Amino acid sequence: MRFGVLSTARIGRESVIPAIQRSDHEVAAIGSRDADRARAVADELGIESAYGDYETMLAEADVDAVYNPLPNGLHAEWSRRAADAGLHVLCEKPLAVDAAEAADLFSYFEDRDRTLMEAFMYQFHPRTERAREVVSEELGDITSVDATFTFRLDDPEDIRMNPDLAGGSLMDVGCYAVSAVRGFLGEPDRAYGHAIDSRGTGVDTTFSGVLEYDDGRAGRIACGFDTPNAERYRVETTDGWLEARNCFGPGPDRSVSLTYAVDGREATETFDAVDQYTLQAEAFADAVEAGETPRVDRAESMGNMRTIDALYRSAEEGTPVAVADPN
């Protein structure tokens with residue numbers, strides 16, 4: 001599969017483009033609002049074609065699919081434009097600004113028989129798959145899940161500080177914590193959220209929340225831009241627990257571990273270094289080529305977006321709110 005990339009965003013330059021190039025697929029084109037910038041990145045990374053605007057790349061590049069790492073508020077617009085050009089899209093998370101926009105986007109792609117997948121790369125790491133297997137098959141009933149993703153973001157001009165581009169810590173890194181909780185517990189019934197705007201920029205720089213389930217289980221999420229990097233999730237069960245650290249963004253050259261205990265017996269499993277971005281690209285391309293629904297599908301993305309919507313509504317209203325129907 002030949003990919004085109006919309007923008008010279010850092011995540012593309014440093015992670016996704018090299019990962020695709022390590023697969024059986026290739027990055028054949030890159031577009032930017034600055035032609036010189038596009039050409040420089042293309043030369044640096046060995047990309048065949050460079051374009052000084054996104055429209056021309058979509059119209060002229062010899063590609064099959066687009067990777068879209070634009071700011072959150074532009075994901076839907078440019079994904080639609082890619083679909084109009086007959087292209088499949090791997091779009092960075094969060095897929096849209098809210099669940100309504102995400103639902104419209106999926107329908108847009110379905111009407112055009114194109115594939116759309118949200119880029120939650122950590123879901124393709126073997127450790128994530130094994131963690132869910134252990135909890136499902138080897139541990140007892142879940143009582144609670146905690147998930148955290150924080151890092152220090154000091155640049156006040158960063159697009160993640162811009163409310164007009166759907167910035168904020170819940171959208172940027174909290175979406176991973178929400179995804180992790182849902183991966184173990186399923187869809188919550190209610191959400192309670194608390195947001196802090198410590199910089200006065202109009203976006204949450206710290207966010208904490210509780211996802212409630214009618215059967216008494218609970219998930220807790222924490223995310224933010226104001227404290228050092230922390231990535232972890234922990235599952236508590238009636239007979240033990242499971243924990244993973246550095247769980248969302250381990251580098252492609254870093255081995256990781258998973259620790260769990262059942263009835264007092266503790267075990268640690270180690271996983272060789274893999275590039276989860278490469279695994280993501282391969283899974284996306286395989287789904288497109290086979291005409292199959294990708295692993296991160298409409299139901300998964302809609303479940304995450306509606307939970308995020310509920311957390312934001314709760315933070316505004318100061319009370320728990322029901323998580324809306326995903327459809």
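Which exposed residues does the face of H2 turned away from its buried side carry? To find out, keep in mind that this is a predicted model, in which local features need pLDDT of at least 70 and side-chain atom pairs count only at pLDDT 80 or more, while totals for chains, interfaces and linings use all residues. Residues are numbered from 1 along each chain as its sequence is written, and side-chain values use heavy atoms, with hydrogens and water left out.

**First stop: helix H2**

Select residues 35-45, which form helix H2; helices (H or I, at least four residues) and strands (E, at least two) are DSSP runs, numbered from the N terminus. The face turned away from the buried side of H2 carries the exposed residues Asp36, Asp43 and Glu44, where exposed means over 50% relative accessible area, buried under 20%, and partly exposed in between (1.4 Å probe, protein chains only). Now colour Ala38, Val41, Ala42 and Leu45, the buried residues of H2. Seen down the helix axis, these buried residues fall within an arc of 100°, so they line one face of H2; the arc is that of the directions from the helix axis to the C-beta atoms. Among the elements that cover them are helix H1 (10-21), strand S2 (26-31) and strand S3 (49-51), judged by contact, meaning heavy atoms within 4.5 Å.

At the N-terminal end of H2, show the side chain of Asp34, which caps the helix with an oxygen 2.9 Å from the backbone nitrogen of Asp36. After H2 comes Gly46, whose phi is positive, near 75°.

**Second stop: the sheet**

Next, display the open sheet of nine strands, whose order is S14-S13-S12-S11-S7-S10-S9-S8-S15 with mixed pairing; two strands pair if DSSP finds at least two bridges between them. Strand S14 (265-271) and strand S15 (321-322) stand at the edges, each with a single partner strand, so one side of each is left without a neighbour in the sheet. Within the sheet, select strand S12 (residues 240-245) and strand S13 (residues 256-262), which pair in the antiparallel sense over four bridges, and look for Glu243, whose bridge partner in S13 is Thr259.

Finally, select Cys91, which is buried, with a relative accessible area of 0%. The sulfur of Cys91 is 11 Å from the closest cysteine sulfur, in Cys175, which is too far for a bond. Cys223 is in no disulfide either, with the sulfur of Cys175, the nearest, 8.6 Å away; a disulfide is a pair of cysteine sulfur atoms within 2.5 Å. A search of the whole structure finds zero disulfides.

Definitions and conventions:
Polar contact = N/O pair within 3.5 Å; in protein donor to acceptor, adjacent residues only side chain to side chain.
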